[in-house]
Each structure stands twice: as C-alpha cells, then as structure tokens.
Amino acid sequence: MSEKSENPLLGALLAGRLHDPFAYLGVHKTLNRYRVRVFQPDVRSVWVKTAQGFESMQRIHAAGVFEWDGMTQPPTPVLLKFEAARHAMEVAHVYEAYDPYSFPLQITDHDLYLFNEGKLRQAYRTLGAQCVSNCGIDGMRFAVWAPNAERVSVVGDFNCWDGRVHPMAVHHASGVWELFIPELSAGTFYKFEIRNRFSGKILLKTDPYATRYELRPKTAALTPAANGHFQWHDAEWMERRADWDWLHAPVNIFEVHAGSWKRHPDGRFYSYRELAQHLLPYAQEMGYTHIELMPVSEHPFDESWGYQTTGYFAATSRYGAPEDFKVFIDACHQANIGVILDWVPGHFPQDAFALARFDGTALYEHEDPRLGLHQDWGTCIFNYGRNEVKSFLLSSAHYWLSEFHLDGLRVDAVASMLYLDYSRKEGEWVPNRYGGRENLEAIDFLRELNIMVHEEFSGALTLAEESTAWPAVSRPVYTGGLGFSMKWNLSWMHDTLSYMQQDPVYRRYHHDQLTFSQIYAYTENFVLPFSHDEVVHGKGSLLNKMSGDAWQKFANLRLLLTYQMTFPGKKLNFMGNEFAQSGEWQVNRELDWKLLGDRLNLGAHAALRDLNHLYKNMPALHQLDFSAEGFSWIDCHDADQSTISYLRLTRDGQFVVVILNFTPVPRENYRIGVPVEGIYREIFNSDSMYYGGSNTGNSGQINAGLEPWMGLSCSLKITLPPLAGVIFARQE
C-alpha cells in the first residue's frame with residue numbers, strides 16, 4: 001500500500017508544501033495506540049527510545065519517512081537514534097538526537113499580540129534564533145514573520161539545506177512561524193526557506209532578526225551563543241549618563257567610517273578591538289566627547305557606506321563578532337567617550353536574500369512603488385503603517401541601545417521619511433488620507449521611537465538628519481514635536497560652506513550667510529555638522545572648498561573651524577576634517593595620514609584639537625548652546641570688512657569674546673565693545689604660528705577701557721589677524 005497515496009500530508013511533506021508539520025510529524029495518538037513519524041532523507045535506519053529501550057522504526061517511504069507504532073507513548077521529548085552513511089564506502093555513523101516535533105511551541109500569545117499590535121519593543125528576544133531550553137533540553141528556537149507563506153523551513157548545514165527536513169509551525173493569524181531544534185550549536189549557518197502561498201515560488205531568505213551573519217558576500221545568518229556571558233565594565237559611565245544634563249553639556253562628535261579611518265598595510269580593516277586600541281586614544285587626545293560610527297549594521301555592499309542595511313540587529317562581521325563591538329563600546333565608556341550609531345530606518349536594499357518581498361509579497365515595504373520605492377537610491381521604503389514593521393524597527397533601536405550600551409542613534413534621512421512626495425514629481429506619489437504630503441504613519445513611528453528611547457534609556461540621544469523646515473523636530477512629543485534630542489543644522493552648514501567658497505573680495509555681499517542662522521538658531525536643538533556628505537561625490541574635501549591659494553585655504557579652514565566651535569550648537573566633524581585632508585573621502589582606503597607630515601596640515605590638526613578642548617572645558621562655549629541667553633552679537637553689521645563678533649555666555653554671566661575676520665587683510669586697532677573693563681587674555685588665535693599662521697595677534701592679553709562701543713560699556717582695541725578668529729576671556 002502506498003502511504004503517499006493514502007495520506008495527503010505525506011505528499012505535501014515530500015513536495016515541500018506541508019503547512020502544519022506537527023499534524024504529520026512527531027507523536028500522534030490514534031485510539032489506544034501511539035505513532036511516531038520522522039522524516040530524515042539522509043539516514044539508513046532510525047530507532048525511537050521507548051520505555052523498553054530503542055525500538056526500530058519502519059521506513060514507510062523511500063524518500064526517508066520512518067514510522068513507529070506502539071501501545072505506550074514514548075518518553076517525551078522523543079529521543080531518536082540514527083544510522084547514516086553519506087557514501088557507500090563510508091562506515092555507517094550512528095548518533096542520537098531529539099525529535100524537534102516532540103517539543104511544544106514556546107512563543108506566548110501575549111508576545112504575538114504585542115508584535116501584531118506594533119508594541120513588542122524587544123521582538124529580538126522572541127523572533128530570530130534564540131538559545132533556549134525546551135523541556136529541559138538546550139537548543140535553538142527559530143521564529144520568523146511570514147504571513148503569506150504556505151510553508152517556512154529552517155535550512156542550514158545541519159540538514160543539507162533541504163527545506164523539507166525542518167518545516168516550521170505557524171501561529172495561525174499572527175503570521176509568525178516557530179520551530180525548536182534541540183542541541184543545535186552556536187555559530188551554525190542558517191536561513192529560512194519560504195514557499196509563497198499564492199505563487200508557490202520558493203525563496204531563500206536570511207533571518208531579519210539575526211544577530212550575526214557570515215562575512216560578505218555570503219549572506220547566511222549564524223545562530224547566537226547563549227546570552228549573558230559578556231562582562232561590561234562601564235557601570236560608572238552608564239550611571240553618570242542617566243543623570244547627564246546633555247542640553248547644557250559639551251557634545252562634540254567625531255564621525256567615523258570604521259573601515260576607512262585607518263587600515264593595515266595590506267589593506268585589511270581594523271577590527272572592533274583594534275579600533276578600541278587606536279581610534280579611541282586618538283579621539284581622547286583630540287578632545288571629542290562622542291564617536292559617531294557610520295552604519296555598522298550588517299550590509300552587503302561596502303560602497304553603500306552601510307546605509308543599505310540588511311541586518312538590523314547585527315554588527316557587521318567585517319570588523320569582528322558582536323562581542324568585539326561590545327569591547328569597543330566598553331573601552332570608549334571607560335575612557336569617557338560616548339558612542340552613537342548611525343541608524344537607517346528610512347529604507348532598505350532590494351537584495352533578494354534580505355527583507356525585500358520577504359515572503360513573496362511586499363511585507364516590510366509597500367506594494368505600490370509610489371509609496372514603497374526610493375527613486376533616488378533604488379531602495380525600498382518601510383511600511384510604517386504595518387504594526388509588525390513598527391515592532392521590527394522599534395526593536396532594532398531597542399536592541400542597539402540595550403544590548404550594546406550605545407549612547408544614541410543618529411537617524412538617517414528623516415526628511416525622506418516625513419514626506420510622501422520626497423524627491424518625486426507630480427503624479428509620482430500618493431497623498432495621505434487628508435490629501436496632504438505628510439507621511440502620517442512615519443510621523444507616528446518617529447514619535448514612538450523617541451518616546452521609547454527617552455523613557456527606557458536615560459541620557460541616550462536621538463539625532464535627526466533632517467534637511468527641511470519641518471517644525472519642532474527636536475521638541476518633546478507632548479508639545480507636538482517629533483521628540484528627537486537634536487537636529488542637524490543643515491541650513492547653517494550649507495550657508496556657511498557657500499560663504500567660505502566665496503573669494504574674500506566678494507564676501508561682503510554674502511554677509512547674511514554668516515548672520516541669518518541666528519534668526520532660527522533656537523527653534524531646535526541644533527548640531528552644527530561638517531559630515532561625510534560634504535566631502536564625497538565631487539564636492540571636494542573641506543579644505544578644497546576654501547578659496548584662495550594654499551596658505552589662504554588653510555587659514556580659511558582654521559577660521560571655519562573656529563566659527564563652528566564657537567557658534568551656538570553642538571558639534572560634529574567627519575574624520576579627516578581635523579587634519580585638512582586634501583582629497584575627497586574614499587571608502588576603499590584609509591585617510592591620508594601622511595599629510596600630518598606637512599606643517600600646514602599639522603597646524604590645522606593642532607588648531608582643531610585645541611578648539612575641541614576649549615569648547616569642552618569652557619562652559620561659556622557650550623552651556624547655553626540651545627538658548628538665546630547664551631549668545632549676543634557684538635557686531636554683526638561689519639559687512640564691509642567681512643568681520644563678525646559675538647559673546648558666548650553662561651547662566652551666571654561668565655563670557656568669552658569671539659572676533660572673526662573673513663578677509664586676508666590684518667586689521668590694526670580694531671575696536672570692539674565688551675561688557676566690562678579689565679584684562680582680556682587671548683586664549684585662542686587661529687593665526688598662531690603653532691597652527692601654521694602668520695602669528696599676528698595681541699601678545700597674549702589686552703586691556704579693556706571704559707570707552708563705550710557698540711552699545712557696550714567698555715571696549716578693546718585689538719589687532720585682528722588675517723583670515724582668522726580670536727577668542728578672548730576676561731582675566732578674573
């Protein structure tokens with residue numbers, strides 16, 4: 001008698017279409033008898049452990065289906081013994097293993113409910129591969145969301161990548177599939193094989209919730225090790241961070257691409273641990289408060305810089321294992337350096353092995369390309385209105401902050417998330433339910449994200465890369481804002497660089513590009529960024545944006561950095577800016593460190609180092625970055641001489657005086673007003689000989705007399721060096 005013809009479930013199993021494997025495999029009771037079925041195509045014989053010992057199972061199909069029938073239920077979970085030989089000349093190999101289909105499902109209805117409601121913020125503890133114990137047996141529990149699948153299987157080296165061997169069970173309407181595979185070891189390669197229930201097409205997908213992947217270009221996920229073995233040493237940092245008054249503290253961010261900051265002589269990347277040994281001391285010496293890493297979430301293509309993410313819960317294997325990344329962060333915290341991750345919830349690539357059309361349908365993205373496809377980047381847009389996608393993204397953010405102790409997330413391309421017509425022409429986008437261009441679901445998601453981060457991770461920051469005039473990006477959600485901690489001030493950046501590219505002779509006609517930002521400077525909590533985006537794609541390096549000959553370019557750059565470091569707002573500079581890299585950033589090689597052998601590059605390096613420490617150590621330069629009380633123009637009208645001057649102040653009235661000369665003309669006896677008389681020390685001069693300048697200045701200090709000037713009761717008469725900034729502090 002043909003079992004295949006009698007039992008349609010067997011036919012479905014062998015055809016790879018078995019929707020409910022527990023209906024056929026495992027232990028089943030029929031009247032007063034028990035039946036155990038096993039499918040193992042690569043074994044000769046199978047025995048099942050009963051109360052009497054191992055009993056032979058009958059092969060009921062040549063493809064490898066075995067069955068045992070008895071009066072007494074075998075002990076559960078069911079222990080099996082297999083005899084296998086891969087080749088005719090090999091000696092038979094006998095081994096024991098538990099039957100996966102004799103273990104109960106573990107994921108609770110409560111977790112599934114929260115996941116389907118978009119409220120499971122720690123979905124990474126439920127889905128993906130989890131080291132768990134089931135019925136006292138250790139193993140791996142696999143779970144994946146694929147609501148439009150007919151069948152989902154776990155495949156890997158352990159089953160010869162045969163999707164018929166380990167089909168998963170679905171939790172009905174949730175769309176979540178689950179299977180426990182006992183005694184599967186950590187570091188095992190695996191994927192999910194998915195058969196779409198509409199087309200029957202079979203897809204091989206990597207795990208969206210995997211915490212580790214094999215090295216590109218390979219794409220399999222790796223089963224994780226048991227949790228809890230990493231020993232953190234940053235308790236003091238985390239405790240301080242929880243009470244950190246970041247609004248009034250110095251925040252100076254060093255933006256780094258881990259694969260091209262430095263490389264080994266043979267071109268190899270520095271590992272996470274090597275970055276801890278080399279990058280961290282460098283950031284300390286330079287006076288940065290934070291390192292912001294361009295995306296280290298797993299991604300397949302180096303040239304995407306990490307912005308086309310495929311592993312939203314995995315530190316890329318390019319630089320080592322997840323534990324190595326924790327070592328890096330732990331070392332940073334012990335050195336009082338925070339770590340911010342560049343995070344990309346706005347889009348994901350169309351690579352067939354990853355999220356795109358995950359179960360054969362537009363699952364994480366929109367089906368309609370007017371909603372689901374980024375025309376500029378050729379990437380998919382997340383469907384923020386789908387609750388399970390919201391659980392996925394919120395859990396990703398939670399994972400990085402919780403598991404890796406990260407100190408913040410820089411959220412990429414927020415503008416592209418907020419607007420349905422972003423970079424689209426008329427007719428290429430779909431209005432929201434009110435007929436507007438705002439992406440209402442994305443707005444809700446961003447607010448939930450920021451609420452979660454600020455509620456659960458005290459002192460952690462969220463920074464928005466947002467380039468439009470969207471209101472209240474960095475204002476609390478309860479006031480109607482998006483809830484970010486800070487927003488990049490891209491308007492200030494564009495105006496400033498546009499001004500610096502002008503020949504000094506014409507700068508007088510563009511003076512408002514220096515002064516206009518004060519009109520809106522306190523509408524948001526702004527970061528002043530000179531990021532990687534400004535030194536790629538033919539834009540030239542920061543140095544080569546400056547006008548003039550070589551000397552003037554370096555002087556202009558030192559002046560630009562003085563302006564940035566003394567103007568209201570937190571600070572961000574991309575690697576290479578600090579030593580005036582002359583060429584554009586190239587992702588496939590390290591920075592031009594040899595330039596530090598040049599006097600002018602070394603001078604620029606020293607100037608920004610000293611500015612960084614000055615900013616960090618002088619409360620007047622950071623305490624009121626986000627408040628109009630921390631800034632006061634001395635003179636913003638001297639367009640004819642292209643100079644500006646201002647005070648930076650603290651809450652208790654301490655101040656510094658900043659004067660910037662944007663022409664190559666030194667100005668003798670230049671008078672500016674100051675609040676009080678006394679001795680003023682020149683605490684910084686970007687034209688110092690130590691920075692490669694002409695050493696024009698004020699001999700270290702100057703006296704302020706009672707002569708009123710510019711509406712202030714006293715004044716200084718100073719020597720203002722060419723293309724330079726000077727900072728004075730009153731000597732107590």
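**Exercise 1.** Which residues of the largest nonpolar core touch the most other members?

*Solution.* The model is predicted, so local features need pLDDT of at least 70 and side-chain atom pairs count only at pLDDT 80 or more, while totals for chains, interfaces and linings use all residues. Residues are numbered from 1 along each chain as its sequence is written, and side-chain values use heavy atoms, with hydrogens and water left out.

Step 1. A nonpolar core is a set of buried Ala, Val, Leu, Ile, Met, Phe, Trp, Tyr and Cys residues joined through side-chain atoms within 4.5 Å. Buried means under 20% relative accessible area, exposed over 50%, and partly exposed in between (1.4 Å probe, protein chains only).

Step 2. Among the 190 residues of the largest core, W261, F328 and Y364 touch the most other members.

Step 3. Beyond its neighbours within four places in sequence, Y364 has contacts (heavy atoms within 4.5 Å) that include W145, P208, F348 and F392. Another core, of 18 residues, lies apart from the largest one and includes L649 and Y680.

**Exercise 2.** State the strand order of the open four-stranded sheet and identify its edges.

*Solution.* Step 1. Strands are DSSP runs of E with at least two residues, helices are runs of H or I with at least four, and both are numbered from the N terminus. Two strands pair if DSSP finds at least two bridges between them.

Step 1. The order is β9-β10-β13-β12, and the pairing is antiparallel. Because β9 (128-134) and β12 (169-170) each have a single partner strand, one side of each lacks a neighbour in the sheet.

Step 2. Seven bridges join β10 (residues 137-145) to β13 (residues 176-182); A143 stands opposite E178 in β13.

**Exercise 3.** Describe the span and burial of helix α14.

*Solution.* Step 1. The expected span is 1.5 Å times one less than the number of residues. For the 17 residues of α14 (550-566) the expected value is 24 Å, and the first and last C-alpha lie 25 Å apart.

Step 1. Since 15 of the 17 residues are buried, α14 is largely enclosed by the rest of the structure.

**Exercise 4.** Classify the aromatic pair F22 and Y101.

*Solution.* Step 1. Rings of Phe, Tyr and Trp (its six-membered ring) pair if their centres lie within 6.5 Å; planes under 30 degrees apart are stacked, over 60 edge-to-face, and the rest tilted. This rule gives 58 aromatic pairs.

Step 1. F22 and Y101 are edge-to-face, at 5.2 Å centre to centre and 70 degrees between the planes. The two residues are 79 residues apart and link distant parts of the chain.

Step 2. F22 is partly exposed at 22% relative accessible area, whereas Y101 is buried at 7%.
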